[in-house]
Amino acid sequence: HSYGYTPTERDDSDAAEQVKLGDRVVVHLKKNRFDLEPREYSGIVRFVGKIDSEYVDNRIYAGVKLDEPVGDHDGIVKGKRYFKCPPKHGVMVRVKDIVSTLQPTNSTFKPVYGVKHRSGQTVL
């Protein structure tokens, strides 16, 4: 039952339920148009929610402070600050692009629900 959500909104809300501020995560990123496959980078979630947009965008995003300086910004996106981090350490990704979150109880990464892994299988 979809309850009025589009498939994209449903996927985002399912994934967002498992991503919390302060979570250590692994994200899939294509750093340039020449990347055939996204690479995995680790970081900490500093923002979860919808972002200001000039068009209607109901997708849910995560602002991630990356461990490496491979990001796009310092937490400011289109002139608005969503979170703080050093320059080139910030990225804003769809929550569905978060591959896994670190579980503090046993220090293992847990796959995020509904995310397609490289095998092409969806984790449920």
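Asp67 is partly exposed, at 39% relative accessibility, where partly exposed denotes values between buried (under 20% relative accessible area) and exposed (over 50%), computed with a 1.4 Å probe on protein chains only. The model is predicted, so that local features require pLDDT of at least 70 and side-chain atom pairs count only at pLDDT 80 or more, whereas totals for chains, interfaces and linings use all residues. Residues are numbered from 1 along each chain as its sequence is written, and side-chain values use heavy atoms, with hydrogens and water left out.

The side chain of Asp67 forms a salt bridge with that of Arg24, at an N to O distance of 2.8 Å; a salt bridge is defined as a side-chain nitrogen of Lys or Arg within 4 Å of a carboxyl oxygen of Asp or Glu. Because Asp67 lies in the loop between β3 (61-66) and β4 (76-77) while Arg24 lies in strand β1 (residues 24-29), the pair ties together parts that are 43 residues apart in sequence. Helices (H or I, at least four residues) and strands (E, at least two) are DSSP runs, numbered from the N terminus. Arg24 is also partly exposed, with a relative accessible area of 27%.

In total, the structure holds four salt bridges. One of them joins the side chains of Lys80 and Asp52 (3.2 Å, N to O). Since Lys80 belongs to strand β5 (residues 80-81) and Asp52 to the loop between β2 (39-49) and β3, this pair ties together parts that are 28 residues apart in sequence. Lys80 is partly exposed, at 35% relative accessibility. A further salt bridge is found between Lys96 and Asp97, with an N to O distance of 3.6 Å. Both partners are partly exposed, Lys96 with a relative accessible area of 35% and Asp97 with 24%.

In soluble globular proteins, nonpolar side chains tend to be buried together. The largest nonpolar core of this model comprises 16 residues, of which Val27, Leu29, Val64, Leu66, Val93 and Ile98 touch the most other members; such a core is a set of buried Ala, Val, Leu, Ile, Met, Phe, Trp, Tyr and Cys residues joined through side-chain atoms within 4.5 Å. At least two residues of this core are supplied by each of α1 (7-16), β1, β2, β3 and β6 (90-94). Apart from this core lies another, of eight residues, among them Phe47, Tyr82, Cys85 and Met92. With residues up to four places away in sequence not counted, Leu29 touches Pro38, Arg39, Tyr41, Leu66, Val91 and Val93, contact being defined as heavy atoms within 4.5 Å.

Strand β1 is mostly covered, five of its six residues being buried. β1 and β2 run antiparallel and are joined by six bridges, where pairing requires that DSSP find at least two bridges between two strands. The bridge partner of Val25 in β2 is Gly43.

Two loop positions were also examined. Asp74, in the loop between β3 and β4, is partly exposed at 24% relative accessibility. The C-alpha atom of Asp74 is separated by 5.4 Å from that of Pro86, twelve residues apart along the chain. Not counting residues up to four places away in sequence, Asp74 touches Arg81, Phe83, Lys84, Cys85, Pro86 and Pro87. Gln18 is located in the loop between α1 and β1 and is partly exposed, with a relative accessible area of 22%. Gln18 and Ser100 are 82 residues apart in sequence, with a C-alpha to C-alpha distance of 9.3 Å.
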